[in-house]
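Thanks for making time this morning. Let me put the structure on the screen, and then we go through it piece by piece.

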Amino acid sequence: MRHIISILIENESGALSRVAGLFSARGYNIESLSVAPTEDPSLSRMTLVTTGNDNEVEQITKQLNKLVDVVKLVDLSGGEHIEREMMLIKVRAEKAMRDEMKSLSEIFRGKIIDVTENSYVIEMTGDSAKLDAFINAIADEHIVEVVRTGVSGIARGNKALTL
């Protein structure tokens, strides 16, 4: 099962390395990772996506809580949450394909942010499934390059990851 773990972590050098080391030492994979400072400059918020059964993820969270840099964490997958990811995708958009690519990006609420004679760069945000669906809707030979930010997530309602 897919889990989104949101972590408040000390904003210090080596903190990310220790979290990544914990995962690699135990043979777990990080599918997605994003880190940025919070409103408190001494803390960063790390959002990572991993897969595993409930026991494996429970072990991961217990081990993460033991790291001195980790202040607090929550598995967002355990409740109502919102997740978003941003993607930049460069597609071939030669004469005959231009209108089709523009139309397809509009259907998925994407925004064309760069136009050349032969290509478009499309910016798109949404959950991972939406971005995957857009990629699958385009024939492989039309995709030049894909860049994705990784998942950011936040709990819905009154639940919050704060001190």
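The protein exposes about 9400 Å², and carbon and sulfur atoms supply 48% of that area. Accessible areas come from the Shrake-Rupley method with a 1.4 Å probe, and for residues only the protein chains shown count as cover. Before going further, two notes on the source. This is a predicted model, where local features need pLDDT of at least 70, side-chain atom pairs count only at pLDDT 80 or more, and totals for chains, interfaces and linings use all residues. Residues are numbered from 1 along each chain as its sequence is written, and side-chain values use heavy atoms, with hydrogens and water left out.

Now the overall layout. There are four helices and nine strands. These are DSSP runs, numbered from the N terminus: helices are H or I with at least four residues, strands are E with at least two. Along the sequence, the pattern reads β-α-β-β-α-β-β-α-β-β-α-β-β. The C-alpha trace spans about 55 × 35 × 30 Å along its principal axes. The protein has 163 residues, and 39% of them count as buried. Buried means under 20% relative accessible area, exposed means over 50%, and partly exposed lies in between, with a 1.4 Å probe and protein chains only.

How about contacts? Take those between residues at least 6 apart in sequence: 74% of them join residues at least 24 apart. A contact here means heavy atoms within 4.5 Å.

Next, the interior. In soluble globular proteins, nonpolar side chains tend to be buried together. A nonpolar core is a set of buried Ala, Val, Leu, Ile, Met, Phe, Trp, Tyr and Cys residues joined through side-chain atoms within 4.5 Å. The largest such core here has 16 residues. Which of them touch the most other members? They are Met-87, Ile-89, Val-91, Ile-122, Met-124, Phe-134 and Ile-138. Strand 5, helix 3 (98-107), strand 7 (119-126) and helix 4 (128-137) each give two or more residues to this core. Apart from it lies another core, of 15 residues, with Ile-7, Ile-9, Leu-48 and Val-57 among them.

Stay with Met-124 for a moment. Leaving out residues up to four places away in sequence, Met-124 touches Glu-85, Met-86, Met-87, Phe-108, Gly-110, Lys-130, Leu-131 and Phe-134.

That list brings us to Glu-85. Glu-85 sits in strand 5 (residues 81-92). Is Glu-85 buried or exposed? Glu-85 is buried, at 8% relative accessible area. Its contacts, again not counting residues up to four places away, are Met-124, Thr-125, Gly-126, Ser-128, Leu-131, Arg-148, Thr-149, Gly-150 and Val-151. The side chains of Glu-85 and Ser-128 are joined at 2.8 Å. The side chains of Glu-85 and Arg-148 make a polar contact at 2.9 Å. A polar contact is a pair of N or O atoms within 3.5 Å; within protein, one must be able to donate a hydrogen and the other to accept it, and residues adjacent in sequence count only if both atoms are side-chain atoms.

On to charges. A salt bridge is a side-chain nitrogen of Lys or Arg within 4 Å of a carboxyl oxygen of Asp or Glu. By this rule there are six. One joins Glu-85 and Arg-148, at 2.9 Å from N to O. Glu-85 lies in strand 5 and Arg-148 in strand 8 (residues 143-148), so this pair ties together parts that are 63 residues apart in sequence. Arg-148 is partly exposed, at 29%. Salt bridges also link Glu-85, Asp-132 and Arg-148 in a network.

Another salt bridge pairs Lys-90 with Glu-145, at 3.9 Å from N to O. This pair also links distant parts of the chain: Lys-90 is in strand 5 and Glu-145 in strand 8, 55 residues apart. Lys-90 is partly exposed at 30% relative accessibility, and Glu-145 is partly exposed at 42%.

A third example is local. Lys-62 and Glu-58 meet at 3.2 Å, N to O. Both lie in helix 2 (residues 54-66), four residues apart, about one turn of the helix. Lys-62 is partly exposed at 41%, and Glu-58 is partly exposed at 38%.

Last, the surface. Leu-16, Leu-33 and Val-35 make a nonpolar patch of about 210 Å². Patches are made of residues with over 30% relative accessible area and no salt bridge; like charges are joined within 9 Å, and nonpolar side chains (Val, Leu, Ile, Met, Phe, Trp, Tyr) within 5 Å. Val-35 belongs to strand 2 (residues 32-37) and is partly exposed, at 40%.
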